[in-house]
Amino acid sequence: GTSDPYVKFKLDGKTLYKSKVVYKNLNPEWNESFSVPVRNLDQKIYIKVYDRDLTTDDFMGSTNLSLSDLELDRTVEKVLPLNDPNSLEEDMGGIVLDLYLSINNQERKSPPNSQQNGSRLVDTLHKSQLWTGVVSITLVEGRGLQEGVGEFFIRFKLGDQKYKSKTLNKCPNPQWREKFDFNHFQERPAMLEIEIWGKEGRRFEECFGRCNVDLAMLPGDQTNVLELPLDAQGTVITLVALNPCSGVSISDLGACPLDDPKERKQILERYHIKNSLQNLKDIGFLHVKVLKAVDLIAADFVGKSDPFCVLELGNDRLQTHTIYKNLNPEWNKVFTFPIKDIHDVLKVTVFDEDGDKPPDFLGKVAIPLLSVRNGQSSCFILKNSDLGAPTKGVIFLEMEVFYNPVKAGIRTFTPQETRLIEDNPKFSKKILTRNVDRVRKITMAILNTIRYIKSCFQWESTQRSLISFLLFLVVVWYMELYMVPLYLLLLLAWNYFQRACGKGSSTQDLVSAALMKPSASHSIVNLSVRYPQAGAGISLSGTHRLELVPLCQESERRGLIEKIHMVQDIVITVQNSLEEIACLGERIKNTFNWTVPFLSSLACLVLLVAMVLLYFIPLRYIVLLWGINKFTKKLRNHYTIDNNEILDFLSRVPSDIQKVSV
């Protein structure tokens with residue numbers, strides 16, 4: 001029942017000023033002032049009010065002001081009603097302005113004033129994006145919640161940041177054990193909203209409990225255990241920690257932070273190898289110069305665009321100002337991010353500002369942090385939204401990455417940061433066909449290996465079988481447990497030298513699967529496209545037309561729709577399961593192929609340590625220590641979250657489809 005309004009002032013199609021956002025208020029007070037030079041009093045200033053949202057800001061009404069109605073050297077208060085021709089609301093509210101019109105005695109010097117006002121607007125935009133802290137939230141469990149049929153999940157909201165937990169079956173004491181982070185902005189509300197939602201069937205959702213947490217009342221730099229009673233029934237157990245955050249900035253190219261030798265020296269010292277055990281969460285620092293773009297798509301009817309850039313690193317997001325009516329914009333801005341995971345990918349997306357409508361997509365690039373070449377200005381071809389094919393235009397970036405390899409290596413064996421915005425999985429014939437082919441290739445590789453071993457037993461090649469027989473005798477006779485990681489190390493070393501000598505062929509990858517076309521062998525997959533996509537309308541043919549029918553037939557139709565939804569869910573589950581199997585196989589392969597040298601080197605180090613431990617320490621002692629740790633983990637920390645270090649490591653290795661996208 002509330003909004004997060006802000007105001008834009010426009011003259012001649014250009015934004016003069018953008019106010020701050022007033023959160024959760026239908027009667028906002030801005031108390032802001034600005035001045036702008038005008039050359040013609042016959043002009044009108046257009047005023048538009050928006051509701052701030054995470055994805056697309058909602059239009060709340062507009063009005064205009066004729067400059068000829070103002071009196072010279074006199075402050076006039078204007079109450080202007082807002083209107084929206086596309087809205088059914090009769091009363092859209094109003095906006096109150098104090099206006100003062102005066103003669104500019106230095107008319108010839110007005111352009112600098114205009115530039116100063118534009119600079120002030122840009123500074124306001126930049127400051128509103130910078131966060132000063134990180135709110136780490138762990139959703140542990142629920143107690144005494146409502147029982148019943150169906151499922152439930154919890155939604156968290158802080159300002160325009162939202163997170164949805166995984167869905168669990170309804171029970172009194174569900175265990176979520178999820179961890180995620182919100183950015184904390186100094187000038188935004190610090191009220192964390194928590195809602196628990198029930199879900200029955202595919203579509204129906206109902207909120208049956210909520211509570212709020214005022215983060216301003218919590219002590220900082222410590223983990224607070226909160227037992228939060230819901231306004232309906234039950235309690236939610238969460239851990240909340242508010243920690244300061246540094247390293248986030250937006251500046252002009254002339255005021256680059258790293259241009260100062262002292263600043264650069266401090267950063268290099270901060271991430272030096274000797275400081276590896278200090279503040280393990282401070283992994284690194286990213287420095288990005290967004291220079292310019294060339295030959296962008298013309299999104300407007302007049303053959304121009306109003307481009308701006310959005311930079312995303314994990315859940316962190318910053319953006320440039322808009323340059324109007326230009327296909328070759330030059331932003332010349334410098335952005336800095338703290339690095340939470342060295343395996344993150346920097347995504348730079350170019351949009352066209354489209355007034356009251358959502359911005360138009362112009363192009364996108366994705367750059368893994370480990371592939372950045374420090375200090376080199378690089379030109380990147382813009383791609384489409386799924387990064388599968390190039391589009392029109394290029395963008396020029398210059399980046400530098402500073403990180404501590406020890407901290408980055410330790411972070412690799414912990415769970416990845418949870419994405420705050422996740423698209424609901426939808427059925428796609430192309431994706432399902434691609435996943436079937438990826439799993440088929442992995443299966444064929446395993447079957448070919450088995451056939452090769454069988455051929456040795458069958459003596460199809462006397463030389464090969466004789467060598468295999470002798471190798472079998474030697475290995476089995478001298479086999480020790482520590483040799484298992486040793487053999488894996490030898491395989492990694494062999495692939496490294498193959499790659500170094502240029503004998504490794506990229507054609508062995510499954511990269512072609514990303515762009516492959518369905519073949520005749522996929523006829524079974526093609527049949528599944530008859531079911532409607534998730535979120536799409538249901539079209540029935542023949543005798544099942546959508547029309548007014550008696551109640552008995554309506555119940556039959558509902559049963560049919562539920563069956564269609566059930567089949568949809570099954571197909572999506574199969575699609576996602578094939579995706580997981582294919583990704584797991586490809587990531588193991590890419591680890592041994594040295595696709596990401598940092599990860600393969602880390603795997604070598606772990607295997608070397610495992611080999612040494614198995615050589616000097618009996619296996620029973622290692623298993624005993626592992627079991628004691630597993631059994632006592634929850635006793636030592638009741639709120640701990642279990643994780644699998646091997647799967648966490650493999651989640652950082654790119655699959656073949658991800659290799660195509662970057």
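**A pocket and a buried serine**

The second largest pocket holds about 1,800 Å³ of space. A pocket here is an open set of points on a 1 Å grid over the protein atoms alone, where a 1.4 Å probe fits and protein lies on both sides within 12 Å along at least five of seven lines; lining residues have an atom within 4 Å of a point. The volume is the space filled by probe spheres set on the points, which are joined across faces, edges and corners. The model is a predicted one: local features need pLDDT of at least 70, side-chain atom pairs count only at pLDDT 80 or more, and totals for chains, interfaces and linings use all residues. Residues are numbered from 1 along each chain as its sequence is written, and side-chain values use heavy atoms, with hydrogens and water left out.

The lining takes in 47 residues, with K179, D181, K281, R411 and T414 nearest the centre. Among the elements that each supply at least two lining residues are strand 11 (175-184) and helix 3 (405-412); helices (H or I, at least four residues) and strands (E, at least two) are DSSP runs, numbered from the N terminus.

Now to S165, which sits in the loop between strand 9 (161-164) and strand 10 (168-169). S165 counts as buried because its relative accessibility is 4%, and the cut-off for buried is under 20% relative accessible area (1.4 Å probe, protein chains only). A polar atom of the S165 side chain lies 2.9 Å from the backbone nitrogen of I154. Across the whole chain, 40% of the 662 residues count as buried.

Definitions and conventions
Buried means under 20% relative accessible area, exposed over 50%, partly exposed in between (1.4 Å probe, protein chains only). A polar contact is a pair of N or O atoms within 3.5 Å; within protein, one must be able to donate a hydrogen and the other to accept it, and residues adjacent in sequence count only if both atoms are side-chain atoms.
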